[in-house]
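Subject: Structure handover

Hello,

Here is the structure we talked about. Please look it over, then read the notes below.

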Number of protein chains: 2
Amino acid sequence: MRPEGLKRWFPPLDWRRGYGSATLASDLLAAVIVTIMLIPQSLAYALLAGLPPEAGLYASIVPILIYAVFGTSRVLAVGPVAVVSLMTAATIGQVAEAGTAGYAVAALSLAFLSGAMLVLMGVLRLGFLANFLSHPVTSGFISASGLLIAASQIGPLSGLRAEGHSLVDQLVSLVRQITGINLPTLVIGLASLGFLFWVRRGLKPMLQRVGLAPRPADMLAKTGPVLAIAASTLAVWGLSLDQAGVAVVGAVPQSLPPFTLPSFDLTLLRELLLPAALISLIGFVESISVGQTLAAKRRQRIDPDQELVALGAANLGASFTGGFPVTGGFARSVVNFEAGAATPAAGAFTAFGLAMAALFLTPLIAFLPKATLAATIVVAVLSLVDLSILKRSWAYSRADFAAVAATMAVTLGAGVEAGVSAGVLLSLALHLYRTSRPHVAEVGLVPGTEHFRNINRFSVETDPAVLSLRIDESLYFANTRYLEDLILARVSGDTAVRHVILMCSAVNEIDLSALETLESLDQRLRDMDVSLHLSEVKGPVMDRLRRTKFLDHLSGEVFVSQFEGWCKLTQRCASADLRQHAQR
Amino acid sequence: MRPEGLKRWFPPLDWRRGYGSATLASDLLAAVIVTIMLIPQSLAYALLAGLPPEAGLYASIVPILIYAVFGTSRVLAVGPVAVVSLMTAATIGQVAEAGTAGYAVAALSLAFLSGAMLVLMGVLRLGFLANFLSHPVTSGFISASGLLIAASQIGPLSGLRAEGHSLVDQLVSLVRQITGINLPTLVIGLASLGFLFWVRRGLKPMLQRVGLAPRPADMLAKTGPVLAIAASTLAVWGLSLDQAGVAVVGAVPQSLPPFTLPSFDLTLLRELLLPAALISLIGFVESISVGQTLAAKRRQRIDPDQELVALGAANLGASFTGGFPVTGGFARSVVNFEAGAATPAAGAFTAFGLAMAALFLTPLIAFLPKATLAATIVVAVLSLVDLSILKRSWAYSRADFAAVAATMAVTLGAGVEAGVSAGVLLSLALHLYRTSRPHVAEVGLVPGTEHFRNINRFSVETDPAVLSLRIDESLYFANTRYLEDLILARVSGDTAVRHVILMCSAVNEIDLSALETLESLDQRLRDMDVSLHLSEVKGPVMDRLRRTKFLDHLSGEVFVSQFEGWCKLTQRCASADLRQHAQR
């Protein structure tokens, strides 16, 4: 399935065959649409990360090109994304003052560290680590981050300056300054916000009513933010609103992405190490989710370990070209997909478009009000907020709900890194707790079959002398004492029992602690004149038991099937059944 | 099974009924033997903990009494034990200088904190937490601690002073000072060591040869350390060896356990918090292992949560009577058991004996050489060292071996707390890693039965259109993507497959992440014209699935048994079989 050799490391060697003019046309069209969409988004996310707006453009150019070379998704668009930008701001804010040269260099170092980690994880094939971020945790985290980001934009939208990391701190600081609101800023901000929400909801139906086909109408609606930016920039310029206190983007250098060097100061790198690991992991999870969803729609597959390498290389690229941490973004990838991008060449064309923008369009945005960028951020992130996961998880399982709720609460109260860590640790702890107190069902024979089910749920046949217990969990150190207690308590209260059969169809492992517990259980049952039998032990488990003396000492037998054990011990089966078994 | 109400919290209300003169005689005899054995051991462990020798006696008196009131084991003897004393020394050594008043007070605070934690854990019924210390980790930790403790006694045995926490540091510092060895000390140390080893190995057979029955011979041999102490004390006194540089115990106050107050300084308590938690957990695991082993021999049971309360109360008692952290000890409990102790009253009598010793015998030990105490420690702890666990775990499973080896290596190299933490974390990580890449077996029908087994291990019947996969693990966030990839890869390479049956006999849980993966898997299989079925879904899992819309949307069916699904989809079963199934 997976390409081997050089093609594994350089996917273009795989897809460039069969690249023709039809594919080229699709890719070019997609690139134009994505470029128009990415310009305001890149500027906005740079501001969210606390960096000058051009950093957002730079972070979208080289990383896209690098991903086109190494990536396995044909449509993933790599660049700054909301959550990673927020985490970047939170991390760099700890080590440098926003707006200083040190801040920008620290962002480069963060991208470098994060890139190096991703590449290393890819080479070591650690892509599976992302699986430990469960869907409830990811979902709770993304929603809470969306709310945090939206709240952080209240300041720029109103000309105030929110302070603090937690949601509560920020809101309190805003309320305290409420008399300092800048009215022109607020008007521009609210107008942009209203317009962008309307573009999202109302523009597409309107375009369709005037005769456009659904897809072009959708694509055109996606370019709405550019209209908002043009209009608000013209308004500020024409009415000189920058003199009235409206914060604007200001002079932006006309330049291709510059060559930059991250700082390799060891103290700084050590401080950034843990945040970089979290940013890498979360960026990877976001990117792989988007990539897998879109690949599935076209029956394509992506390789998680190679994706780690590609995203890592993209981040290394960002760190040497004036960028900051990047990953595969949801909105931009979906637009790329829906615009018909057929190969990663579309990404290369987008990079070219953005480079042209960085060279020629930057003078036009000097009067672009930051409030409009804040509005584009708010509209983008609020679409990530999905509180229905709270309701769904509550209905399905309290453990999943606890993981979502804890992730959201800690993210909102103590910031993004604490939120994700709390969510992951809590879901692991709940999983371990559950497996440490496993379900044990007493089973009986479903009449007329060879099938055994729970005596409390099915009407089944049982025998007072033969106790059949199905252990619904692997036997390992965390649950082995609990099971021993449970079985002994059940048997010591029932003097009729002569045989205990442990039905091991759900036992996927017996570790050394569990083996010792089984030995002691066998001994204790023997003291009560009860034999211990096993049934349906799986191949890998049986292989391991055969390497010990346990089977030699066991008071009872090991039966291939529960039915065979039942027949031998109860002697209730018809002779035909027994004969059939003997034939094997 | 478990006593309810007041009897749960005060076990004596349960066992005092039926207490007669026979029981009294057994208990008194056991108490005399244990008292004689405990005097040297208590003094030695106090020195190991860095405290004056009388602290060892005090720590054995009130805690034993308190355990007799609250404990559920009838024979457990509570007091200072080797590993906990070593951990106490390592912890207090970080916050105070050995021999100072602050050191003794810090030991009281440590006992107080540890006691409070244990009581709290008992009330919250957190006894199950001890299960996360697997047998390989406990075993590796105890063996490594035994080696560490033995090495730490080379100094007192030779009149040198070892420095550093790790084994290597200590050995290096000893080699550097080798010219400073005190010859009389070394002679006393080696003579005591030789005598004590001989007592352990050779005294009992000799006593039996001169006509003693095995049990009295065994009991008498256990009192050997008292002989060594008497002889070496006399030698020092008679030859004035203390003038020749032999370190002696010195003046010990004649006193019952004093009333003391631990320090409640918050800075100190915060520093002690983590070590106290580890000491509590390890002390509890050691105590409960001993207690369960001995209870099982007499068909008695102990209640882990009540044991937490009892050990916690014993530690609180130690903290107010001049002691240090205590727990149920292996050696003393076994002696108590073998000497015939029938109820915890034996413990109360032992406490009385030790109180008499503290009042009247202390003047006699002023000339007791510390080298003799060091020898009793070495002999006691070397019996804990059991390196065979390395061989056994290697033969059984590499994961268990890794846990043992890591625990031992880190304990020896970086100290006891780091060792236990590393062992627990590594065993949890290995367990999670394993469950994140579960075994999936393709199964077929064992001819003549209704039983399905792995096609690679059994000669079974299969059908090209029906793929039966047995998932050997619960479906949860950490493995759900792995399984989806695995199943899709298997199906997309085989165009004959029309039905996939996931046999869920080993699936004990499906969490929300896994449910979403199943939904997406169903969708993707449907795109390939393949139906997804489930079989043998367990009751609790089915209950949860019924609360969602998953079953309504599923392309296939849910079969009670794999055989039923096989019959319906392949139509290969005899009509008799089908009829039987229909009867249900």
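A residue counts as buried if 20 or more other C-beta atoms lie within 10 Å of its own, as exposed if 12 or fewer do, and as partly exposed in between; C-beta atoms are placed from the backbone. This is a predicted model: local features need pLDDT of at least 70, side-chain atom pairs count only at pLDDT 80 or more, and totals for chains, interfaces and linings use all residues. Residues are numbered from 1 along each chain as its sequence is written, and chains are lettered from A and ligands numbered from 1 in the order in which they are written.

For the complex, the predictor gives an ipTM of 0.77 and a pTM of 0.79.

Helices here are DSSP runs of H or I, at least four residues, numbered from the N terminus.

Domains: an automatic or database assignment sets the bounds. Chain A has domain 1 (23-405) and domain 2 (440-583). Their centres, over C-alpha atoms, are 56 Å apart.

Helix H22(A): its buried residues include Leu512(A), Leu518(A) and Leu525(A). Asp529(A) follows H22(A) and has a positive phi, near 65°.

Regards

Key. Helix = DSSP H or I, 4+ residues; strand = E, 2+ residues; numbered from the N terminus.
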